[in-house]
Amino acid sequence: MFRQRPPARVWASEVASHVIIGNGPAGVVAAETLRRADPQAEITLIGDEAEPPYSRMAIPYLLIGKIGEAGTYLRKDADHFERLRIRLVHGRVKALATDARTVCLVDGRVLAYDCALIATGAHPVRPPIPGIDSANVLTCWTLADARAIAATVTPGARVLQMGAGFIGCIIMESLAARGPRLTVVEMGDRMVPRMMDEVAGAMIRRWCEEKGVSVRTGRRVVAIVAAGEALLLTLDDGETIEVDVLITATGVKPNIDFLAGSDVTVAAGVIVDDAMQTSVAGVYAAGDVAEAVEFGTGRRVVNAIQPDAVEQARIAALNMAGQPATVPGTFVFNVLDTLGLISASFGQWQGVAGGETAQLLDEAEYRYLRLAFAGDQLVGANSIGHTEHIGVLRGLIQGRVRLGEWKARLLANPLQLSEAYLARGLAVAH
Ligand SMILES: Cc1cc2nc3c(=O)[nH]c(=O)nc-3n(C[C@H](O)[C@H](O)[C@H](O)COP(=O)(O)OP(=O)(O)OC[C@H]3O[C@@H](n4cnc5c(N)ncnc54)[C@H](O)[C@@H]3O)c2cc1C
C-alpha cells in the first residue's frame, strides 16, 4: 500500500496539477522544489492565515525586537511566488476527496489535483483546565499570537508560562527578554523532560532561576479564574499565583481533522512511507503533520521541527514530480538555547536496554555530557555546554559509526569524541 507511485498518466500527456495544503516552511519548499523539478506543472499553495507564508521559528526574534513582522516572511520578494508561477490560494481546506482527487475549501471552492501534499502543520494543545478560555490566556504559535503577546507581556507584567518543553523553552527566552516577572510551571519532573535527562533538566532549571525566572516542576495549573484584569491561577499543590498573562506551551497536535472520512491513514499524524507518500497513491505529507519512521528505533514519530519539515517537503515534492527520492529516517536531534545555556539531545539519549552510558558532569561550570551506547555504537547523547562536540556527536550517531576499541576509551573519557571520530576515518564536522 505504501510503495505505490502516482499513475504515469499525469506526466505522459498532460500538465500535472499539484495542490499543496498548508503554506508554512514545508508547503513553500515543496512548491519551489516542484517548480524546479517540473517547469510546466500547475502548482497551487493553500494557506488559511492572513499573512504571506511565514516562519513560526522567527516569532521569538520578532518578540525580542530583532526583526519586524516582514522579517518572519519565508520569502521576502513580494512577487516571489508569482514569478515561480505558484498560485497562492487563501482559504481553509475542509476535506480531501481522494477518489475524485479534489480538495474542498470551507468557502465552497473545489480544486482538482493529480498529486496533493498535506503540509498543514500542527496546532497548540489547549489543556482542559477550567477558565482556559479567559482573556489573556495566550499561545505563542502564530503571528496573531505574537501581536497579542507584544501587547501584554511588557516590562514588569506578571506572566506565567505553562510548559517547559523544547518549544516552551524557546518561547520562554523571548518572553524573558521583554522584562516581565516570569514564572514557568512544567508538569514533568524537570525542564525539557522529553529531551533531557534528570541531571540536564535540573541544570537548565538552576540556570533559569539564576537568570530570575521562577520555576515549578512536577506541578500543574488546575484552575484559572479571571479576577478583574488579572488571572488567579491555582496549582495542583494548592498554591495560588496572580498573573496578568498566562502563556500555554503544552505541546502541539498535527492538523489532521480535515482528513476524517478520507482514505488517508492517520495515527498521531499522517502516516507516510520513506518517500513521504501517505496510504493513498499520489497524496503525500510533510512537516509537523507527518508521522514518519525514526532513524535508530524504527518507531513512527512526529518530529515537529523545521529542518525535518523542509527536508520531508523536498523529498515529497521530488516524488510528486516523478523523481523517486527517499528520506533515510527522521533523526531526532535538538539543540536548545535557554537564556544563553546551550543544550542538545540526540537520538536515544535515554539509553537502551543492555547498553552502557558514560557521564561527565561539572555542575559549577554548567557542563554536562552523557553518552549512550548500544554495543560499540553511540546511539544517543545529552549535552550542556560542550557545543564543540555537537557536530561530532551527530556524525557518530547518525553515521552509526562502529567505535571498536574507541568505545572503551569514550567510556573512560567522553571528551575524546573528536579523536574517536577521526580514528574511525571520518572528517570532523562541527
Ligand atoms: C515560537 C516557535 C519557535 C520555534 N522554534 C523552532 C526552532 O528554533 N527550531 C525548529 O526546528 N523549529 C522551531 N519551531 C517549530 C517550527 O516552526 C515548525 O516545525 C514548522 O513551522 C513546521 O512547518 P510546517 O510547514 O510543517 O507547518 P506550519 O509552519 O505550521 O505551517 C502549516 C500551515 O498550514 C496552515 N493550515 C493548517 N490547516 C489548514 C487547512 N485545513 N487549510 C489551509 N491551511 C491550513 C496553517 O495555518 C499554517 O499556516 C518553532 C515553533 C514556534 C511556534
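Predicted model: local features only at pLDDT ≥ 70, side-chain atom pairs only at ≥ 80, totals over all residues.
Let me begin with the annotated region. According to the UniProt record, an unreviewed entry, residues 17-305 carry the annotation "domain: FAD/NAD(P)-binding".

Three strands form an open sheet in the order 4-5-6, and their pairing is antiparallel. Strand 4 (93-97) and strand 6 (110-112) are its edge strands, each pairing on one side only. On average, neighbouring strands of this sheet are turned by 20° against each other, direction ignored. Strand 5, residues 102-105, is joined to strand 6 by three bridges in the antiparallel sense. There, C104 is found opposite V110 of strand 6.

Our next element is helix 7. This helix comprises 13 residues, 198-210, and spans 18 Å from its first C-alpha to its last, close to the 18 Å expected at 1.5 Å a residue. Which residues of helix 7 are buried? They are A200, G201, M203, I204, W207 and C208. Because these residues cover an arc of only 160° around the axis, they sit on the same side of helix 7. On the face turned away from that buried side, we find the exposed residues E198 and E210.

The two ends of the helix also deserve a remark. At the start of helix 7, D197 places a side-chain oxygen within 3.2 Å of the backbone nitrogen of V199. After the helix comes G212, with a positive phi near 100°.

Finally, I would like to consider strand 25 and its two partners. Six of the eight residues of strand 25, residues 367-374, are buried, and therefore the strand is largely enclosed by the rest of the structure.

With strand 24, residues 356-362, strand 25 runs antiparallel, and seven bridges join the two. Within this pair, L360 stands opposite L369 of strand 25. The hairpin they form has four residues between the strands, and Y366 adopts a positive phi near 55°.

Strand 25 also pairs with strand 26, residues 377-384, in the antiparallel sense, over seven bridges. Here L371 has A381 in strand 26 as its bridge partner. What lies between strand 25 and strand 26 in their hairpin? There are two residues, and G375 in the turn has a positive phi of about 60°.

Thank you for your attention.

Notes
Residues numbered from 1 in each chain as written. Heavy atoms only, no water. UniProt positions renumbered as here; feature names shortened; annotations may be inferred. Pairing = 2+ DSSP bridges. Axes fitted to C-alpha atoms, helices over the stretch in contact; angles between N-to-C directions. Expected span 1.5 Å × (residues − 1). Buried < 20%, exposed > 50% of the residue type's maximum accessible area, 1.4 Å probe, protein only. Arc of directions from axis to C-beta. Polar contact = N/O pair within 3.5 Å; in protein donor to acceptor, adjacent residues only side chain to side chain.
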